[in-house]
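I opened the structure to see how parts of the chain pack together. My notes follow in the order I looked things up.

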Amino acid sequence: MSKNILVLAATGNVGSQLVHQLQAAGHSVRAGTRNPATAELPADVQVVRTELSRPETLIDCLDDIDAAFLLWPLHTGAQLPKALGIIAGCARRVVFLGTDGIPDLSFEEQENLVHGCGIESVVIRPSTFAVNTLWWADQIRTGDIVHGSHGELPMSLIHEADMAAVAALALTENGHAGATYTVTGPEVLTRAEQVRIIGEVLGRQLRWAELTREHAEQRLLADESFPDSFIDVLLDGYDTMMAAPRPQTTSTVADLTGRPAHSLAEWVSDHRADFR
Ligand SMILES: NC(=O)c1ccc[n+]([C@@H]2O[C@H](COP(=O)([O-])OP(=O)(O)OC[C@H]3O[C@@H](n4cnc5c(N)ncnc54)[C@H](OP(=O)(O)O)[C@@H]3O)[C@@H](O)[C@H]2O)c1
C-alpha cells in the first residue's frame, strides 16, 4: 500500500537515493532541505524547509506522514531528542541512519534515543560510505598517485543505494520495528586496495603513496573542499579503526533486499563521471 514518507536530509547522498527509490515504488514523498529554492529534487516531490538544529521546523512538515527518515548531520546531538519527540508526536514510524560522527552522542546513545522515542523505530548502522573515496577525486583527475595516510586501514565501503534500499523497506514494510540493522558492503578493503580498484574500473593504474598523519593533515588543510573542523575527527577515527579488530561484513543488505550489496567496483562504475 502506498505510504506518505518524510525524507529529511533529502538532498544528500542517501536521502536523494531514498527519494528516488520510494517514488519508484509508488510512495508519496515529502523532502526536507534547508534550501528548497536551490534543492535539486524531482518535480513531483513536495519540498519543505527543515533546519535540524531548530527541530521546531519539523512540526509543519509532518501532517499526514506515516513514516520519517532521519539522519543527524550536525556536530552536536543536543537537539536530537527534541527532533525525535516532534516526529513521534505525528508519525507512526521513524527510520534513523546512525553515525559514529557526533562527538557528544555515541552511536549507542543515538540508538537508545531512537528506540525509546515511543513509536515504531528502526536504526541503520552503516559502514564507511563508498562516496568518501571522492575525497581522492582531485588527485585522480590530475595524476596516477593518490597520497594519503592509513593506507593499510581495512574497511567495508557501502553504496548509498544499498543504505537507501534498506531504509525504504524499513519505512514502508511491516516487521522491522525495534530492529538495528548493521549494513556494510560485500568486501573489506584497505584504502590502498580501494585506490587500485578505482583505477581498474577507470582503466588506469593508480598507486597509493603513504603519508604520515602530519602530512595528511597538511594536505587536507590545503584542500578547500574539505572542512577543517572534520580533519581531526576523521584522522582520529582512522587511528581508532587501525587499533580495532578487522571489520566484518554483514549480509543485511542481501537478507533484506534479496540481492547482494554493491561492490566498490560497482560503485565506481556508477560514479565514473565524478572522477573525470
Ligand atoms: N561518510 C561516512 O562514511 C558516514 C558513515 C556513517 C554515517 N555517516 C553519516 O551520514 C550522514 C550524511 O549522510 P549523507 O552522506 O547522505 O549526507 P550528505 O551528502 O553529506 O549531505 C548532508 C545532508 O544533510 C542535510 N543537512 C545538513 N545540515 C543540515 C541541517 N542543519 N538541517 C537540515 N538538514 C541538514 C543536507 O541538506 P541541505 O543542505 O539540502 O539542507 C544534506 O541533505 C551524517 O549524519 C554522517 O555522520 C557518514
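This is a predicted model: local features need pLDDT of at least 70, side-chain atom pairs count only at pLDDT 80 or more; totals for chains, interfaces and linings use all residues.

Helices here are DSSP runs of H or I, at least four residues, and strands are runs of E, at least two, numbered from the N terminus.

Residues are numbered from 1 along each chain as its sequence is written, and side-chain values use heavy atoms, without hydrogens and water.

Next I checked Ala164, which is in helix α5. Is Ala164 buried or exposed? I found 0% relative accessibility, so Ala164 counts as buried (under 20% relative accessible area; exposed is over 50%, partly exposed in between; 1.4 Å probe, protein chains only). Leaving aside neighbours within four places in sequence, Ala164 is in contact (heavy atoms within 4.5 Å) with Val14, Gln17, Leu18 and Gln21. Ala164 and Asn13 are 151 residues apart in sequence, yet their C-alpha atoms are 9.2 Å apart in space.

Last I looked up Thr33, found in strand β2 (residues 28-33). Thr33 is buried too, with a relative accessible area of 8%. Leaving aside neighbours within four places in sequence, I listed its contacts, among them Thr11, Leu41 and Val48.
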